[in-house]
Structures are given as C-alpha cells and as structure tokens.
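Please keep the sequence and the 3D view at hand.

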Amino acid sequence: MPDYILLIVACIFVNNILLMQYLGNCPFLGVSKKMETAVGMAMAVIFVLVLAGAITWIVDIYLLKAFGLEYLRTLSFILVIASLVQFVEMFLRKSIPGLYAGLGIFLPLITTNCAVMGVCLINIMEEYSFTQALVASFSYAVGFGLALVLFAGVRERIILARVPKPLQDTSIGLVTAGMLSLAFFAFKGMV
Amino acid sequence: MVSGFLVMGGLGVAIGVVLALASKVFYVYVDPKIEAVEDALPGANCGGCGLPGCSSNAVAIVAGKASASSCVVGGPDVTAEVAEVMGVAITLQEPEIAAPGCSYGYQEADVKYLYQGINDCRAATLLDGGSKICTIGCLGLGTCVNACPFGALSMGPDNLPVVDTETCTGCGTCERVCPKHIITLTSTSDRIIGEYVTDECTAPCQRNCPTGINIPGFIQEISNNNYEAALAIIKEKCPLPLICGYICPAPCELACRRNLIDEAVAINPLKRFVADYEMETEKHITPYKAPGSGQKIAVVGGGAEGLTLSYYLARLGYDPTILEAKPQLGGILRYVIAEDRLPRKVLDHEIEGILETGVQTKNNVVMGRDFHLDTLFQEGYDAVVLTKGGFDSRKILQPDQKGYDSSVKGLYIMLDFLYALANGEKVDPGQRVVIVHNGIEAIDLGRKCRKMGAQKVTIISNLKSHELPIELQGSEDLEAEGIYVKHSTVVTGLKGISSRLVRVALEDTHPIGELPEEKATIRADTLILSAGRLPEFVFVRSEDQPEPEEGEIGWETIETFRTFPGSKEGICTPPEPGRISDSSAVVKSLLSGRRLTRAIHQHFSSDSVTPIQDLVCETDTILNVTEVHEVISSNRERPHIIDVEGNSKTAWIFPDEYPGLNEASARNEAERCLKCGLICYRKQK
Amino acid sequence: MPNQKLFVSSHAPYWHNRSSLSAKSYNILLAALPAVILGIYQYGPPALGVVALSVSTAMIWELIMNYVTKRPVSIGDGNAAVIGLLLAMLLPATTPWWTVVIGTFLAVVVGKQIFGGIGGNPLNPTLVSIAIITLSWKGLLDFDEALVNFDLGFYMVYPLAALKHLGPSVVSNYSVGELLMGQYAGAIGSTFGLGLIIGGIYLILRGMIRWEISISFLVGIFVTALLFNISDSEKYAGPLFHLLTGYTLIGAFFLATEDSSSPVNFIPMLIYGVCAGFLTVLIRNIGAFVDGAVFAILMMNVANPLLDKIRPKALGKGIKHA
Amino acid sequence: MREMLKLFIAVVVFSCLSGGVLAAIQNATKERIEYQQLKFVKGPTIKDIMEGCSNDPLIDRLRIVDEAKEMHLFVGEFEGKRNTVAFETFGKGYGGVMGVIVGVNLDNDEIIGVGVTTHSETPGVGSKAKTDPDFTAQFKGLSLFDPFKVKADGGQIDALSGATISSRGVCGAVVEAGEIYKRLKPTIIEKMKEKQG
Amino acid sequence: MAKTAVQEFTKGLWAEIPPFRLVLGLCPVLAVTKTVENGIGMGVATTFVLICSNILISLLRNVIPKKVRIACFIVVIATFVTVVELVMQAFAYPLFLKLGIFIPLIVVNCIVLGRAEAFAAKNGVVASFADGLGMGVGFTLSLTALAIVREVLGNGTFYDIPVFGPSFEPFSFMVQAPGAFVCLGLMLCIMNMLGKK
Amino acid sequence: MIKKPFFGLGKPKLKYSGIENIEGKDVKEIPPSTMITLMHKSPNGELGDLALSIGDEVKTGQKLNLRKTGEEYLTSTATGTITDISHASGYAGQSFISISIEAKSKDLWDGEFEKAGKNGSPENVLPFLSCLPGISDLTSLIKIDNPLNTIIINGLDQDLLITTNQLIVRNEADNLAEGVEFLKKTTGVKKIIFVVPPSLRMEAEKSGAEVKVIEPLYPDATPRLLMKEILDNPVPPSKNLEDLGVGFISAEAVVALRTAFVKGKMPVTKVLTIIDKDNRLTCIKARIGTPVRDILNALSIDVSQGDRLVFGGPMSGQGIYSEDMPILADTDAIMVQDKDQVIPIGNDPCINCGECVRACPAKLPVNMLIRLLENGLHEEAANEYDLLSCVECGLCSYVCEMRIPIFHYIMLGKHELALTGSLEETNA
C-alpha cells in the first residue's frame, strides 16, 4: 500500500507529466485560457487515460509481448487510443449525454495528446503490473489535470495583466508554464 | 513477419468491428452542416483555434460563434471551404473602413472642466458627457485605439484617432465603443447616400450646402495641394462641380463663419478652381465605383436631376439608362440657362464625365410615345424613375394630342385636368377618383368628376381636420354627394398594372392615441394632384397586384427620400411654396437626384427605405458660435482679369469674362478657411 | 468662453487615505533594515557589496524594462528596490557579482516585468530568482561552502544543511538565543531572527502586510514540524528549530506576503500560509532541497488564483425573494 | 452497410500492410539493434570495469533468469581465467532510475568496479556519479556483501557534493547487486563451467 | 493553388514555421532540446516522417474513404515512426537513447497529423513533398535554435564542445524543465517582435 | 482629509460627522438670487415639444408642466420670467432640461396648490409632490403596481461630512412627527422606520415612527446596507429597494411634506451643508435653483482654477464643473476642495494588496473585478465577480494603494451594462 501512495505522489507531483516530462503541452496551452475548459479537459484526460492505460497494457502483454512484436507498440497503441477515444465519444454521446456535454467536446483533443500515449508507453517501460499501470495512469492524469487547472487559474489573471505586446498569449503562457514547472520543483526528490 | 501481419490485421479487424458496431449502436443525429464543416476542417484536433478540437470548432462556426477562418492549421484553403459550406460566399463587398469625425483634439477645443479619471472615453463621458464643451467632440482618451483588435488605430499628435487604412478591416469595434460616435465605418457609397445627422461634426457651410458637400474637407485637400482628392470629395455629393462653380448661388458662403469677422471664404470659386483644374487636364477624375450589382434602372429625363441620379446609381454599381426626349442631355441647364452664364463646353465636359462612369443614354425618346412604363419593365428594367423636372408633366395628360400616349393612365395634375375640362376635352375619370388637395377647389373638381361618372371621390388632405377650410370639414353633406374627405392623411404610394393606376396607398399621419399608424390602400382609377409638378416617382415591379391580366406587369412606387424623415408627408403631398417644384437652383435638383439614389439603393439592397434619425435641418438647434475669437481678418481672394491696357483688375461678375481663381489665389483662399467643426474652428493666434 | 475658471472634475470618491505603494515599499525596506544591518555587520564589506549591487541592479533592470516596454518610469515606487534588497538578504555574502546581476535580472525582468510589471507577476519575483539560482548554481547557495572562509566566532555551519546531512542531532548545537541573534552561518539577511520578527511585527501593525499569511505560515511550519518530530524524533528536528532557521522568518514576513502572488481573502490566506508552511517542512524533511521555504511559497503562489476563488458571498447574493 | 464495409476494409488493409512492412524492417534490423543496445548502453561501462580483459564481454555473455527476469551477465577473462562477471542493477536517483553495472570477482567476491550506465540526473551535479571516477572508485576492492551507504546515512561512501540522492542511488544499486549475486552465484559458476566445458 | 513547390517549401521556414508560428508540437520541442545534437536528431526524424507521410497520404488521398481518413493517416504515420525508431536503434543508438520516448511520440505530434490533414490530403505529391520538407526543415531549425540557446547557456557547450572557458558556471536552469518553457516563451516573444514588420 | 493612521489594522473606520461639527449654530439663510435655474431630469433628453417658452412669466410655487403631453413638471421656486431653456447632460448619461428664471425681488405665490392641497386628499396633492426638497421624486414612493410596505426615514446623511438631515432631525423634531403622519396618509404605508445616530435618539423618538439607532460609521447609512442591517433583508444585485417593498426618504423631505400640507405652499428652500476647503461645515438654507456661485459668495468661499466643486459628500458626491450650476432638490451638500487636496489618480495596475477587498461592505472581490473592468470585460465582471452587488460607497477607491479609480471603473461597468441591456439575472 505505501508503495502505491509513493507511486501516486510520484506520478502526480514529482514526475508531473506536463511540467517535468514535457508531455501534453499542446492542449495544456490550448485549453488553459479559461478555467471551465481546463476543468473539462482535465476530467476528460483522467477518464480516457485510465481506460487507455488499462487497454494498452493488456494489448502489450497479451498481444505484443506474447508474440514478440514489441516493435509494433507505437502503431498498435496509437490505433487503440484513437479508436478508444472515438468509441468513448460515441458511447457518451448516446448513453450519457450529460457527461458528454461536459467532457465530450474535449475527447477528440485527447487523441493527439502526447500525454496519453506517453503514459501508456511509460507504463510499459517501467514494467508496471496491471494495478500499478492503472494507478499510474490515473495519477499521471490527475497530475495533468492539477497542473492544467493551476495553470488556468494563473493564466486567467495573466490575460488580464498588462503584458507587453510581443509577449502576449502563448509566449507569456510558456513562461508561466516554466514558472509552474519551477514551483513543482518543490516536490523534487520526495519519492 | 507473418505474425506481425496477422496481429496488426487482427487488431484492425477488432477495432473496425467495434467502431462499426459502435457507430450503429450509438448513432446520434448531428446537424449535417456541422458535419460538413467538420469535414472541411483539418481534424487534427490541435486546439489551435482555442476551442477543444475540430468538432467543437465546427459547432461554433455553424452557431456563428467562430469565424470561417478560425482554423490556424488550415489556412486560406480551409477557410474558403468552410465559407462555402456555411454559404457565406465571400462576396465582392465594398470595403468599409473606420473614419474619425472630429478634427479638433482635446488641446485645441474648448473644455468645460479638467478631467481626472480613467483613460477611457466612456468613463469620461460618465462625468457630464465629457470634458469638451462640444457635446459630440472626440475626448481623445483612446478607447477606440485600445479596443481595435487589429492595431489599426493609433492616437495622433493632436489627440485624435488615426486610422491605418491598410490594416483596418472594418470590423466596427471602434464604432461600438466610441461613446461620442466620432468614429464610424464608412465607405464611398455610404458617403454618397449619407445625410448629416445632429450628432455628427459638420461645419456651418456644409450644413447650409443643399447637396451637402464636405466643404472643409475639400478645401483642406486644396491646401494640401491635392486637387484630385478635393474633387473626389466634391463628387461624393455633387457630380457637376464645374457647373455649380459657375451658377451656384452658394448658400454655403452665407453661412461661413468668416462672415463674423470679414468676408466669407470663396467656397464656390474654390470649387470651380478644382473643377477647372480637371477640365484643363482633359481627363475626368473617376472616383471609386462600387462593384456591379446588375440592376437596370431607367431614368426618364436627362436634366440635372436625372444626370445626378444616373451618376450616383452608376457609382453604386447599378446600370442606369437615361431616356431623354430632347436631342441632347442637360435639360434646363442646356435649353434654358443663358450661354453667358454657363458656357456649353463646360456643360458638355461635365456630362461627358457623368457618362464615363457607365451611364447609357437614349436621346429623342419620349415617354408616352416611344416607350411606356410597362414596355420599360418588359425591356428588363428593374426600376423606372421619373425625373422629368419642370418641363413636361403635361404630356402625360394630353393623350390624344401630338401623338402622345399617356404613360401612366389616370395620373393628373389638377391644373391641367381643369384646363382640359375647360377646353372641352373629353376626359374619363373612371369609377373612383382620388384628389390630393387642401382647398375647396377639390370639392368643385369632385363634383365635376361625379358628373362625369365617377362613383366615389376621395379628397386627401395632410392637414388636420380643424386646419381645413370649413367646407371640407362638414363632411356629412359631402358624403351624401359621394365625396369623402380624409384629413391627416397622405398618399404614400401608387400601385398599378401595365400603364394604368389601380390603387393608392394612404397613411394616417395623426393617429388618435398611441395606436400604430394606419396604413391602407384604396382603389383609384384617377389620381389628381394639386397644381405644380409631377413628383419624382420611382416605379418598381410588384407581384402584389390585384388580378393582372395575362401578360400585364404589376408595378408600384417606392417611398422616396423626397420628404424629410420624421415628417409625415407622403410622395404626393399637396404643394406648399417650394415643396414639389422646389428646384429653385441646380444644387437643389442635385440633392433631389442624390436622395433618389439613396431610396433606390436602399430599396434594392435592404428592401425598405429607412428614414434617418436626427437629420440636420434648418430648424434644428445645434451648438453654434455667434462670435469668433483669435482669427486674423483677411481679404477674400478674387479672380483677376487683364483689361485691354494690360492691367490686372479684380473681376466681379459675369462668367464669360469671369475667370476662375489662379492657383496662388486659390491656395491663399484655402488658407483662409477656418476649418470649422460644430463649434471649433482654427484659431490663428 | 475663454479665461473661464476651470475646475477639476473626477469621479467620487474625492478623498483618499493617502496610502501608496511607495510608502509601503519604503516601510518594507525599513522593516528589513535590522536584519540587513546585522548581516552587513557580521560579514563586512562583501555583504554590503552584495546588498548594494543587488538593490542598484534591480532598479537599473526596472529602468531598462521601463524604456523597453515604453511605460512610465516606475522605480520611484520602490518595488524594485524591495525586490533587490530581499534577494540580497537571501544570498550569502560571498555571492559573486555576476550572480547578483543575473539574479536581479531574473527577479525584476523574468519574475515581474514581462508579466506586465507590478501586480501582474503570478509568483514572487525574488523567489523566482532565488529558485532559478538554486537550480543553476547549487554551490553558491550552499552556505557552508560559500562561507568557508569566514570565522565569526560562532558555529559556522548552516543549520538546515547540517540537519539534512547529519540528522536532528545537530539541533543541540544551536541555542534559541543564537538562532534569534543570527549566530550561525547563513544568508545575509535571513539569519537575524529577532530583527526579522521585529520588522515583521512592525509591518503587521502598520497594515503593510497581511498578518493572516505570516501567522498561518508560521503555524503551518510549527504544526507540521511538530507532527514529524512526534512521529520520529530521531529523524526529524523539532518545530522551534524549523521556525528559527533558514528562510522561515524572512519567508513569513517578507516573501510569502508579497501582494501580487498571495491571496486576499481571509480563508484563502490561511490555507495559503498553512500549506506553504506544511510544504516547507515537508521539503526540508523529505525533499531534495535543504530549505523548503522558497519552493513551498512558489508552489502556493501558483495555487493562489485557485485559492482566492474561495470568497464570501457578495451582498444580496444567493437570496431568493418571492 | 456497404459503406461501413468499405471503411472496415480500409482500416484492416492499412493495418495489415503496415504490420507486414514493419515486420520486414524489424527482421532486417533485429540483430544490429540488440548488439547496439549492449554496446552503447553497457558497453563503455563494462569496458571500464573490465579494463584489461582479453575477451569481448559483450559477446561472452550469459543469460540467466532471475526471479522471472532475464539477465545478461558479462564475463570477463583475465589472465586466461574467466573469473569475473558484471551485470546491471538499478537504484533510485534524483531524476529517476539509475542503471549501475557492478563487476565482481567470482573468486573472492570483491568488487572490481562499478559504473553508471543510464541515468537522468542533473547535469553537472548528480551526473558526476557517472563521470567522476573518484566516486565509483570508492567501491573498488570492497566486498560485494558489504552494506553500502553514504556517509550521511552512516556508511562508508563519500557522497558527491550536492548530489546525496544520486550517491544514495548508486549505493542502493550496489547493495541490490550484492543480493542478486548472492542468489545467483551458484548458477553463474555452473553456467560458466557449462560454457567452458 | 498557384503556389510553386518552392513557395510551399519556404513558407515552412518563416511564414508558418512550426512551432513558433503555428504553436503546435511543443512537447518534443521542450523535451529534446537540451543539446543541439538531440534537437537536430529529433528534427531530422520528424522531417523524415513528415515527408514520407505527406507523400504517401498525397498518393493515397483519393483511395482513403473520408470517414476513416484520420485512422488511416494515423496508421501511415505510425508506420513511418516505427521505421524511424527501428532504423535509429540500429544505426544511431546513442541518439535513440537520448530521445527515448519522444521518438514514438512523433506519432502524436500535431504538426505531422495536421499537415497530413490540412495539406497532403488535398494536394499533389510534389507540393506535399515540398510542404513536408519545408515544415520539417522549419521544425528542425526551430529545435536547433532553441537547443543552441539551451545548450550553450545551460551547459556551456555547443554540440558537446565547450565554448566558454573552464571558469564558466553553466546556467543549468536552462537545461531543466522550467528553463525549457521560459526559453521557448522568450524566443516566441522575439519571433513576435521580428514578425511584426 | 483623512489619512491612514500610523498603525492601521482592519477595515477603515470613517465616521459620519455629527451636528456638533457644524460651525456656528444657526442655519444661515442665503438671500434669493436674481437668476434661478431649475433642472429637471428628463428621461428622454431632447428638448422636443416643450410646453414652456422663453418669456413666460412664472410664480413661486407654481407647477410648471414641461411637455405638451406627459407628466413631467417642475415647481418654480421664484417669481419672474423664463430667460432660457436648454438641455444639459449630467452624470452617467442623465439628461436635464434646465429652465432659467430671472427672478423678481418680490415673491408672488401661486395658489393652485393651496386650492388643491391644503389638508386635501392624497390624490389631489400627489400631482404636486415630485419636487420636494431633499428627495428627487416623492411619487416614486407611491406605486400602484407594487405598493410599498415599509418606508425608512434616514436621519443620517448619505455621505461623510454632510449634516443636513441630522440638523433637521434636531431642529424640527416636532414638525417631523407631523410629517410622519402625512407620510403615512399620502403613501398608505403603515410601517415607518426612522434611522438615526445615537445622539439623535431622543428627537427621533418623538416622531412616533419605529426608531432604529445605528453607529454612524460610513457607509452603513446607505440604503442597501441599511436593508441588510436594519431589516435583515439584503437586496439582490439586480433588484432595487422598491422591488422589496421598501422606500427611502430623507428627514428633510418628511418635514417638507408637512410644510406643504400645513402651509399650503410648496416648500422652495433647501438646507445644505457647505464643506469648505478646510472641511469646516456650515449649514445654510437656500432656494432650490440658486447658483452655487451665489452661495459661495455669500459665505465668502473663494474658488480658483483647478479646485474641485462637488455636489454631495467626499465619498459619493458628483463633481460639478461650473459655478453657475444651480442646487437641485436633492443636493444635500456642496463640497469645495482646494487644488492641493486633489489627489491625482494612478494609472498603474492593481498590485493585489487586498485593501479594497477588506474595505468592501458588499464583500466583492474588488481585486479581480478591477482587472476585468480595466480590460472592459463588463459582462464577465457581472457574471463572475458580482459587479452588480456593489453598493457604490467608494471605499475601494478610498483605500486603493495604487490610487486606481475603482469606483469610476465600477460605475462605468454598470453604466455600460445597462446600455447594452445585458443586465441578466446573475442571481439565480
């Protein structure tokens, strides 16, 4: 159990997927201008990442490793993720429209979110067990969401500040992301 | 090798099956438009548009919340594709750009207090309408500059906004945020059909010019040595600058603020100076012309009004044809005004300039003889305008004489009608007669019509009941005679079929209480208007006509701008002095022609002619100055002529020997202009 | 109407309590003075050099940025001087000149000006700078190494470093009195505990800083350290030691209270302070850094916009009338 | 339905084709990749540790399954005797997992060398664990069964300045190596004999 | 479509240079620009994938059903990414190690998919090739520029060659995560200032 | 000027001035001016079809109907000839019709009101009462569609330094009691609450209304805060007091009501507090419509270029730009500020110090509000940060370290929102 706590802390804070591993930056900068969209995206990523983490783990162990086809990992993972996202989108739209209204619009963005693919690959490279992979996927996603929401909070204010013209928008967004990453150094070495 | 093949194949099969099933099971209807837009978008879901993914952007585009060009990755191709789906064909629209309308900044204008507060005009306006005494002046705090999303605005040195016309996209943000409505979107077409309103900065001369030339504007261009630009400004309101330069009575000069200290600026000679310049260069300066809209307009009458109308119609993208009864264009200008006053080469030059904009002409054709209202519609004209001016309304009446046929049967001027009756001519008034008149003569006429077989006579008066002659008020006896009086009513339109009148549209101008204005049409075979001239009718095709017979074309008139907005006068309002036959000077017919253009343009572009709110007119009280300070007095420049002894002397009058100003005098004279605003003017100390 | 008397017209209110940013800045400078003076007294000219260089370059950077961004000159408000002074207070006396110059650049330009100047910075500029210096040149901020040539007649070991490397046994090497009087190795302006406390209390009384943040920060540190200490006193030092060492006091009174990056509502201020204190001790005890205050406060700076969304209901809100 | 079938076929054909193509490429590069992996990841470190050996340890390697994990053990030949092995273990550093190769003399269980292979430590600080020979030299000659600890933890190893965690990570890896060695020593000797025999 | 191939190529170098102008594909930009070598390696790899996928998709653009085009594009891209992965392992293993997870992640790089969708699916082979090459070179240039700044300042080296004297204290903030963000942000600012004209 | 105290913890405490601060005990009477200007706040700004014209003769107390149609009217406060009719714009887009009357020295009283009004029924009197001193429009208290259930009489003034109402409560306590009876009679409201500071409790209790004593701390005497404190019935942001059935009236208006009924003449004078450059208070009585210039001259207060003239108090008054401005029926005070006391506003951004947030009596997140308002995001400000809950006390600007004109921004935001008609129910 303490191992899992350590894993969770490590994935959320210490090795934060966005700020320490540089994954998932496009949506990070894209949807963080408003708190609402940031929260929506965070939720969507958590949802999909847990599913994707589990499925890719199964595919890897029972399909690729079993047949010695590790070199097809990239190909199969992206296929699985893309179709998973599409499936989830269709499913939600039909079955749980309420949830779809909240998350659905963020789902397509996730296909090209390198955080999802990245976490799936990390799960395999770190040779996590299935439970570990699940926990790690969830925690990484939470870390992604946390960073995204914190960032959105900061960014909402920066949009209102008198940032010099050439720095406005993405430029200052990146610098702010750097500051966020700097702050996350607080957790360095804790696990 | 094989295993790789198989595994991937298997994965593909599995995914394919799952997704195919899912798309069946979880099928949800989506607006096909959204799908089409989504198809057009790249589908990379990069989030570059600021929205989460392409499909949400598609939804936003369809909902009108995002623009067709919102996709960063796609570029212009995708934009075009999306625009196509959305049906917002990128039409050839005349570009509009922002233009500030205040010329005296905060430092130069008079202020009523020292403002301390937010650097925002709207905030300053909170405090008693802003610190300037001029209620419509630019406060110069740069709200528009900050609001401009394209960085096309900046604050000039005199605290007035400056538009970079290259970067301005005409989005209108500045217009929305400006609390003083200083900055407005404007295009050449807008300026042509525009009228001055009270919350607009206009100089006294400009307000007094019947056709509304931007006088300080063109004088400024003369100062800037830019004569062509000056001419372009003049031509936005007056297509005959040189003719006006010769014969205009120049009411503008009466209003010139310089009159308060010395002598008015020689506005008309300055106008003539630039027009002379054009004539000397032997080419016509053709200002901006809007892209073609294709409607064909027949303009009946090639006098000053018809020429003006055709010129502006052409510049707004229409396809006008002048139908002139005389062998040459020009009307009164050519056939009435003495050559001494207006040399014919000047006239020819100006008419040439008008024709160069694409106006077609047919001379020696007469309405009622060579063509009729219905034949014109059959020839494919979309509108027919009567600008027959002072000459020949009678031709309509006298059907059987001189081989003329009536073009609009049933339309008479009262004087002619009575004259014909007195001459014993046979006139058939039909079943129903409408007389537009305020006097008791209408009763006589009505009785005559009844005798000639009319069943019902309606007298229309725009006056209130108690303002009418007493005979017209006691209506019961008249009604017994079959004569009905409608007071407080105006005729707002005619409807007809082929060449005959069928109905008359009426409007109640003084409704009782707050009820909506009553609109009605009544049947009429004959419409008799008070003495005067036939109004400038604009006839357009109309589907909305009772039972036209096979092959006949229904028509109706549109309300024109002949009456001032807000006033309750119809197109056939009985004459008061200077009302219908009001073209006491050529400039007035120019105004009339230009306003007809506005009516026609509005009819074809937005389907209804909208009156302008707060139009500046003589009765309006707007800020004005009664004395000027800090202006050095100077003499008005006059043209010089060389007399027989070779001495130069000042010319006073008579065009023939009245040369225009020479360039040096013109430049001096332009400098005399105070460049007035509403209450500001250039101080010279 | 020339020569008419013109009055000033502006929007209400027509009174002001005459508070100003410059007054606040100068008060902060004043409050920081005791600690700085003791630092300079202890470490002599090098310390004076660092302080002077830091304050002056901070103002120069501010001035340069004012020109670059074409904004009115803002060094008069004293904020740049405050940033410079606080940065100097966090540095050891032996800091090389170039680090100071880069440090003030990072603080004033990267930390503050590119966000639009004062009020726009999401993080405390001084802390941004010191954090970047920490990451870049670890050795510089290793006080034991940096101050190796100084012998001031007291135990020249940086307490937190000693704690990190040698465990809580080192606590006994320092008496509370020594810690309060700055009798140990450390940064120029962060060792003189008593001076910082006096400065802090002065600022609190003057209303220049928000007492809620300072107090809750200290409480957070105290409680967390106490809990750690109770759980395993062999491994973790006691709360008093944490309160009086490192950047705790300067953090509580001068860093965590920076306006732009800290909350303004009551409950968020308490959460902010307590969490920063908690994180500080957490980093000190199990994290990678010797002193946690810098990153802990930065972390809470980041969370500030979110925290500040917790606010009381506005007047008349949420009431339903029939 | 027909359209659905078309889509379905397109996806299947695409994935099949790409699977096939990739399989072909993979086949062609397989051998090279495995060698490259060993050469670049472990090769230099092994070379350092086994300095002076007369064979190529990368080629002379044993594969032993330890607790369900396959391990490579690189055998070094010194003065004609194959009495040393080197293998990789892992420790937790500041920036993540560090790979550490420990070489041990089968005769006396003494460490003949320690070297860091993969790591993601802070350049210039933690990365000294790999680049600073003085640090790893501390392990040389000690018995692999010793408990290795940095001095801050009461052990015998001088930590790299400013990089206590990295140093701790290396120690941890060596300790783990000791445990693995303890477990596998008999198997190793057996395997060696097999190979020689 | 009157643009020549040269124009398609050059637009990627300045007017639409990723990731500065189109703020896409940031993850690798931030992650692999610690050193110039990595930056160029990543750039070349991405360029290869871009060109190949652009060409293939342009060729197949009429064959692929519209509804499953994204899936098919992804398969094509993933195939080329795997090819790069395998080839790099076989022939440039050290680089592969450094780029690590970011090689497979090329597959989710928005630039690649974005160009495939927005350009290759609608244009001919030559234009698509030019577009891919331009975007790829632009991407590589961006990576290199950022990498130069980060490596020189953060490590004091250029392509692993020290550029400053030994007394230089590397500004190692630059090679760490926050430095990457800040540095890219400031470069974007400079680009904005230059692009204004 | 009130400075920040040396040691300042917590909220600023600004006390309303008590009557003990008035200089001189008497209410000075300002002699009638020769030129009286009456201002009428007209909802539709244009002059339009006016019923009055220049040259018309008017009598004191005469009801002047302004429009040919409609109900707008003024009560003349002088006898004389109309010399000018013009249009003026006021605060926040308000527009006024101003009528200048050249006054004769002798007043002739118009008898129309006496006929209709003396001891008359409310219906007869009502059409005369919109111009009572001390209130902008009494008729707003009498609503047919949504009758009021409570009227609060404010014995405190709206702003600091103003003592007008307190003076009236002290001096005319007996008349006030009668006025309350008339108020009940005309409006039909049974529940009348009288709010006074502790020092005036005795006088207030004579009135027969329900007395509530509050500490004279600014801005507690403003209507919305009184609603919360006294009635425990806070007003939702998008509603006003009348929606909750509560009306507000000043003590002065109650006394004026009584005067009108008892004497049969419309009251035409107004009590004002004059705040001079040294913040000394003087109470005066003047005809409504008297130009400020005459009042200042009578008190020999000098004003010069760059000074500031304010109608009302220091926190919420409205600046005026001309000495010719006449006093209006609801002008309670004139404040004169020397140019040295005019503190320039700042143009720097908010530094998030939080003083405003702590000072705000409506608990608004002013720090965020100002950021949005500076960027012109009025709607977001209303939807997310409760812009419309502001009670308009001005304390935020008062305490702002950066001297940002926050109050100005807030009023601009409210004004713009009203203009765009997007005042949505943010309260749901």
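Buried means under 20% relative accessible area, exposed over 50%, and partly exposed in between. The model is predicted.

## Salt bridges in chain B

Over all chains, the structure holds 50 salt bridges. One of them joins the side chains of B:D262 and B:R672, at 3.2 Å from N to O. B:D262 lies in the loop between helix 13 (251-255) and helix 14 (267-281) of chain B, while B:R672 lies in helix 25 (residues 663-672), so this pair ties together parts 410 residues apart in sequence.

B:R672 is buried, because its relative accessible area is 5% and the limit for buried is under 20%. B:D262 has 21% relative accessibility and counts as partly exposed. Both residues belong to a network of salt bridges that also links B:R258 and B:E669.

## Two further pairs

B:E481 and B:R447 meet through their side chains in a salt bridge of 2.7 Å, N to O. This pair links distant parts of the chain, 34 residues apart. B:E481 sits in the loop between helix 23 (475-480) and strand 13 (483-486) of chain B, and B:R447 sits in helix 21 (residues 441-451). B:E481 is partly exposed at 30% relative accessible area. B:R447 is partly exposed at 34%.

B:E671 forms a salt bridge with B:R682, with 3.8 Å between the closest N and O atoms. B:E671 is in helix 25 of chain B and B:R682 in the segment after helix 25, so the bridge ties together parts 11 residues apart in sequence. B:E671 is partly exposed, at 39%. B:R682 is partly exposed too, at 22%.

## Cysteines without disulfides

How many disulfides does the structure hold over all chains? The total is zero. For B:C205, the closest cysteine sulfur is that of B:C256, 6.4 Å away and too far for a bond, because a disulfide needs the two sulfurs within 2.5 Å. F:C400 is in no disulfide either, as the nearest cysteine sulfur, in F:C353, is 6.3 Å away.

B:C205 is buried, with 10% relative accessible area. F:C400 also counts as buried, at 10%.

## A sheet in chain F

Chain F has an open sheet of four strands in the order 3-8-7-4, with antiparallel pairing. Strand 3 (35-42) and strand 4 (57-58) stand at the edges. Each has a single partner strand, so one side of each is left without a neighbour in the sheet.

Strand 7 (residues 80-89) and strand 8 (residues 95-103) of chain F run antiparallel and are joined by nine bridges. F:D84 has F:S100, in strand 8, as its bridge partner.

Notes. Residues numbered from 1 in each chain as written. Chains lettered and ligands numbered in written order. Predicted model: local features only at pLDDT ≥ 70, side-chain atom pairs only at ≥ 80, totals over all residues. Heavy atoms only, no water. Buried < 20%, exposed > 50% of the residue type's maximum accessible area, 1.4 Å probe, protein only. Pairing = 2+ DSSP bridges. Helix = DSSP H or I, 4+ residues; strand = E, 2+ residues; numbered from the N terminus. Salt bridge = Lys/Arg side-chain N within 4 Å of Asp/Glu carboxyl O.
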